[in-house]
Amino acid sequence: GCPSDTIFVVPLGVMHDVFRECHIPQGFLDRYGLDDEDRHVLYVGSENPRKNLPRLLQAFERVHQALPNIRLLKIGSPEYLAQADQLQQQVQEMNLSDYVIFVDHVSDEDLVSFYNLADIFVFPSLYEGFGLPPLEAMACGTPVVCSNAASLPEVVGDAAIMVDPTDVDALAEAMLRVLSDAALQRHVREKGLAQSKQFTWERCAWETLAVYEGVCA
């Protein structure tokens with residue numbers, strides 16, 4: 001019941017001086033026990049049920065069957081302990097303990113290296129108020145596969161492969177498509193770099209200021 005002319009949408013921004021394409025230091029790989037010869041799927045965030053991680057693990061299991069040298073990296077300190085324990089148990093039941101790596105909080109510098117290391121970034125949320133990690137991934141040149149739910153279509157535009165987050169088959173197929181098609185991977189990467197450039201904190205500040213000026217006037 002709120003009049004639409006009283007609602008103003010101001011998108012968040014990406015720290016482009018931080019999140020960018022970069023060389024991956026050997027020290028980073030050694031510190032986390034990673035091999036740049038392997039392939040990597042990256043997720044950044046919590047275990048909140050709305051993040052839909054049990055389905056991501058199901059989809060990754062199917063991807064791993066097709067690409068045995070692939071690993072799933074989950075970055076972020078546990079915030080929902082019950083869900084975190086359930087995920088660990090799910091990984092063990094799937095016999096994926098050697099292929100799913102849980103990493104707690106990391107510095108921005110290391111996070112940028114994780115983005116640059118990843119072959120794809122996956123974000124299968126059932127709901128997001130905004131969804132900043134896909135844009136951070138895009139700014140680092142990482143192809144994005146994400147859900148078509150809530151705010152994400154507005155954030156990623158046509159620069160990501162979007163799927164129904166409740167459809168495990170579709171999620172696995174989208175991941176495999178990008179991982180297996182070098183031309184598609186380059187296309188999604190280039191679209192993502194361009195899309196991320198539209199989101200800056202300077203733009204966020206100016207558009208917020210414009211709302212205040214309009215109200216005061």
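A residue is taken as buried under 20% relative accessible area, as exposed over 50%, and as partly exposed in between. The structure described here is a predicted model.

The sheet is open and consists of six strands in the order S3-S2-S1-S4-S5-S6, with parallel pairing. Its edges are formed by strand S3 (100-103) and strand S6 (161-163), each of which pairs on one side only. From one strand to the next, the twist averages 20°. Four bridges connect strand S2 (residues 70-75) to S3 in the parallel sense, and Lys 74 stands opposite Phe 102 of S3.

Helix H7 (residues 168-180) lies across S1, S2, S4, strand S5 (144-147) and S6, and runs at about 165° to S6.

H4 is largely enclosed by the rest of the structure, because eight of its ten residues are buried. These are Asp 110, Leu 111, Val 112, Ser 113, Phe 114, Tyr 115, Asn 116 and Leu 117. The buried residues of H4 pack against S1, S2, S3 and S4, and also against helix H1 (26-32) and helix H5 (133-139).

Ten salt bridges are found in a search of the whole structure. One of them joins the side chains of Asp 110 and Arg 31, with an N to O distance of 2.7 Å. This pair links distant parts of the chain, since Asp 110 belongs to helix H4 and Arg 31 to helix H1, 79 residues apart. Asp 110 has 9% relative accessibility and therefore counts as buried, whereas Arg 31, with a relative accessible area of 51%, is exposed.

Glu 128 takes part in a salt bridge with Arg 50 (3.4 Å, N to O). Glu 128 lies in the loop between S4 and H5 and Arg 50 in the loop between S1 and helix H2 (53-66), so the pair ties together parts 78 residues apart in sequence. Glu 128 is buried, at a relative accessible area of 6%, while Arg 50 counts as partly exposed at 30% relative accessibility. The side chain of Glu 128 also meets that of Lys 51 in a salt bridge (2.7 Å, N to O). Lys 51 is in the loop between S1 and H2, 77 residues from Glu 128, and is buried, with a relative accessible area of 8%. Through shared partners, salt bridges join Arg 50, Lys 51 and Glu 128 into one network.

Methods: Residues numbered from 1 in each chain as written. Predicted model: local features only at pLDDT ≥ 70, side-chain atom pairs only at ≥ 80, totals over all residues. Heavy atoms only, no water. Pairing = 2+ DSSP bridges. Helix = DSSP H or I, 4+ residues; strand = E, 2+ residues; numbered from the N terminus. Axes fitted to C-alpha atoms, helices over the stretch in contact; angles between N-to-C directions. Contact = heavy atoms within 4.5 Å. Buried < 20%, exposed > 50% of the residue type's maximum accessible area, 1.4 Å probe, protein only. Salt bridge = Lys/Arg side-chain N within 4 Å of Asp/Glu carboxyl O.
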